[in-house]
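User: Could you take a close look at the aromatic rings in this one? I'd like to know which of them pair up and how they sit.

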Amino acid sequence: MNNDVLQSVLEIIRACDSVMLATFGAGEYPDVRHVTNQMNRDATTARLHFLTGNTTPKYAQILKNPGCCLYYYNPENRHALRLYGKLEIINDTEFKNELWRDDFKRFGYSGPDDKSFVILRFMPDEYKFYVGAEMKTGKF
């Protein structure tokens, strides 16, 4: 991946408040939900982080199959991005302390040492993005 493509991908990521995460559900269909993009607002690499709880269906699905798709869309400029890769579950307390923000309490977590609070790390393998009508695809 060239630097121009990476910069375009990062611009889309940083411009979006939310992202849709698709994981493999229990049945034959994918399961899609909104996740906050807050930890990635200042991303300088394609390594992304998200928060979740270890009692959620999402967590159980990731344990069974870490493959996923992230979908970013900015309605203001119609830029869209799909990233394909795997999620890794991070329970390291020191790392959770680094990423913790007090407004995560609105999701029901008491702090970075909350036993149900985990970080999801995503590193994409492939991308597909649109800037207006132009589509680009490739591998990281």
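**The aromatic cluster**

Analyst: Going from the N terminus, the elements of the protein come in the order α-β-β-β-α-β-β-α-β-β, which makes three helices and seven strands (DSSP runs: H or I of at least four residues for helices, E of at least two for strands, numbered from the N terminus). Bear in mind that this is a predicted model, where local features need pLDDT of at least 70, side-chain atom pairs count only at pLDDT 80 or more, and totals for chains, interfaces and linings use all residues. Residues are numbered from 1 along each chain as its sequence is written, and side-chain values use heavy atoms, with hydrogens and water left out.

Now the rings. Searching the whole structure turns up six aromatic pairs (rings of Phe, Tyr and Trp, the latter by its six-membered ring, with centres within 6.5 Å; planes under 30 degrees apart are stacked, over 60 edge-to-face, the rest tilted). One of them joins tryptophan 100 and phenylalanine 104 edge-to-face, at 5.4 Å centre to centre and 90° between the planes. Tryptophan 100 is buried, at 14% relative accessibility, and phenylalanine 104 is buried at 0% (buried means under 20% relative accessible area, with a 1.4 Å probe and protein chains only).

Phenylalanine 104 also pairs with phenylalanine 117: their centres are 6.2 Å apart and their planes at 40°, so this pair is tilted. Because phenylalanine 104 lies in the loop between α3 (93-99) and β6 (117-131) while phenylalanine 117 is in strand β6, the pair ties together parts 13 residues apart in sequence. Phenylalanine 117 is buried too, like phenylalanine 104. Put together, ring pairs link Trp100, Phe104, Tyr109 and Phe117 into a cluster.

Key
Buried < 20%, exposed > 50% of the residue type's maximum accessible area, 1.4 Å probe, protein only.
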